[in-house]
Amino acid sequence: MIKIAFYIATVLVMSSYVTVNAQMTTVLDSLSVEDQQEVQELMDKIEAQEKEQLKLKVKAINKNLEAKKITVNEAESLKQKAAQTAAMNIQERQQLAKLYLSYAIRNDVELIDLSEMDLNLDLNLPLDRLKRYTDTIELDFTPFFKYERIIKDGDQRENNLVFGVKSSDTISKNKQYKIESRTDSRFILGFGFNNSFNENDFGNENYKFAGSRYFSFGWNWSTRVFKYSNFLRFNYGVEFQFNGLKPQDNQIFVENGNQTVLETFEVELDKSKFRMDNLIIPLHLELTNSRKKTTKDQYTYFTDPGVKFGFGGFVGLNLLNTQKLKYKENGDNFKVKQRTDMNTNNFLYGISTYIGWDNVQLYGQYNLNPLFSDNTVDEHNIQIGMRFEID
C-alpha cells in the first residue's frame, strides 16, 4: 500500500511541476529586498560549492592523466561529465532551497538563518533504488535539511532528511570508495652554493664562496607510505648535478700521481673553475601537514601540503670532470678546457635534507665520500641552496 501511494505521489508531483514552479516564484517575489538579497547569496553559495567540487574532480583527472592511468580522450570525457554533473547539481540544489523557502513563507513557518543552511546534500538516488527506499520512508515535519551517517551492528547506514521526508538505506560493508593515487611525480630544479669540508677547515678557504656554485635538475616521484594518510611520504628520483669549485689566489687543480693538489698558475688567470657532472638518485622520507578530504561522492583526496620536511640521502656516479681556465699571455687570449679524471671518486653517496613551504624549500647536501680518492686530507663536498618542485 505504501509503495502504491508513493508511485501515485510521484506521478502527481511530476505533472504539477510547472505549476509549482510558477507559484514558488510568486511567493519568493513577495519577500523584502533584504530577504531577496539573502536568497541570492544562498544561490551564490550553492554555485561556489559545486564549482569547488568540480575543480577537485578536474585536478584528480589531470593527476590520473599525468600518471598515464587514463588517455587524453578519457580525461576529456570525464571532465565533460563532471562539468555536466556540476551544472545539474547547481540547478537542482538551488531549486530545493527555493522550494523550502516557498513552503516556509506559504505556511508561516519561521525562516531560519539562510547563511546557516547546510545544502551539501548527497542527492545521488538512482531510479533502480527507489523501490528499496519506499520500504523505509518515514514522515518528519521538521523543515530543515539534514544528512548523517551512522554505523550500527557492523552495517553502515545513511539517513537523509530533506523537507520532512526521511529515508535510510543499508550500504554494503564491501563498498569500495575511490581514493587519490598514492604516487605522483614532478620536475625538480635546484641551485645554490657549493664548497668542500675537511677535518681542518669548514667551508674551505681555498675556494671562492660566492663563485663556487651548483645547479641541479631532475624528476622526482612521491608515494604515500600509508594508504589513508599523507603525513609520511617516500620520495625518490633521478637528478643531474653540476658542482663547481673556483680556487682562490690564481690556483688550479693539478694531478700529481694519485694526489690532486692546488698549484699557483704561472700567468694571471681571468678564470679558474673546476666542475663535476654527477648523476644521483635521491631518497627521502618527507613529513607534511597535508590533510585528508572526502567529497560528497565519496572521492578521497589529500590537500596540497604547506610545510614539508624531508630527510634522507643519495647515491650516484661521477660522470665527467672539467677544468676551465681563461687567461691572457703576450697579448693573446686563451681559453683552456681540460677534461680529466682528477682522481675524483666515481661512486658518490651522502646525506641530504630540505625544509620549506609548498613547492619551495631550503636544501642541504653533504657527500660522505671524499672528493678526491687518495688525497692525504679528505675533502667532502657540501651544498646549500634552494629547491623548487614544479608540478
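Two strands are taken to pair if DSSP finds at least two bridges between them, and helices (H or I, at least four residues) and strands (E, at least two) are DSSP runs, numbered from the N terminus. The model is predicted, so that local features need pLDDT of at least 70 and side-chain atom pairs count only at pLDDT 80 or more, whereas totals for chains, interfaces and linings use all residues. Residues are numbered from 1 along each chain as its sequence is written, and side-chain values use heavy atoms, with hydrogens and water left out.

The protein chain holds five helices and 19 strands. Of its 391 residues, 37% are buried, where buried means under 20% relative accessible area, exposed over 50%, and partly exposed in between (1.4 Å probe, protein chains only). The accessible surface of the protein chain comes to about 23,100 Å², and carbon and sulfur atoms account for 56% of this surface; accessible areas come from the Shrake-Rupley method with a 1.4 Å probe, and for residues only the protein chains shown count as cover. With contact defined as heavy atoms within 4.5 Å, residues 24 or more positions apart supply 66% of those contacts in the protein chain that have a separation of 6 or more.

Strands E13 and E14 (residues 299-302) run antiparallel and are joined by three bridges, and Lys292 has Phe302 in E14 as its bridge partner.

A hairpin is formed by E10 and E11, with two residues between the strands, and Gly257 in the turn has a positive phi of about 70°. Strand E10 (residues 251-256) is antiparallel to E11, and six bridges join the two; Glu255 has Thr260 in E11 as its bridge partner. Thr260, located in strand E11 (residues 259-264), counts as buried at 4% relative accessibility. Although Thr260 and Met342 are 82 residues apart along the chain, their C-alpha atoms are separated by 6.3 Å. The side chain of Thr260 reaches the backbone oxygen of Met342 at 2.7 Å, and a polar contact of 3.1 Å joins it to the side chain of Asn343. A polar contact is here a pair of N or O atoms within 3.5 Å; within protein, one must be able to donate a hydrogen and the other to accept it, and residues adjacent in sequence count only if both atoms are side-chain atoms. Not counting residues up to four places away in sequence, Thr260 touches several residues, including Phe253, Val254, Phe372 and Asn375.

Ser272, in strand E12 (residues 269-288), is buried as well, with a relative accessible area of 10%. The side chain of Ser272 reaches the backbone oxygen of Gln251 at 2.9 Å, and the C-alpha atoms of Ser272 and Ile252, 20 residues apart in sequence, lie 6.4 Å apart in space. Beyond its neighbours within four places in sequence, Ser272 is in contact with Leu245, Lys246, Pro247, Gln251, Ile252, Lys324 and Leu325.

Asn220 belongs to strand E8 (residues 213-226) and is buried, with a relative accessible area of 2%. A polar atom of the Asn220 side chain lies 3.3 Å from the backbone oxygen of Tyr236. Leaving aside neighbours within four places in sequence, the contacts of Asn220 include Asp184, Ser185, Arg186, Asn235, Tyr236 and Arg387.
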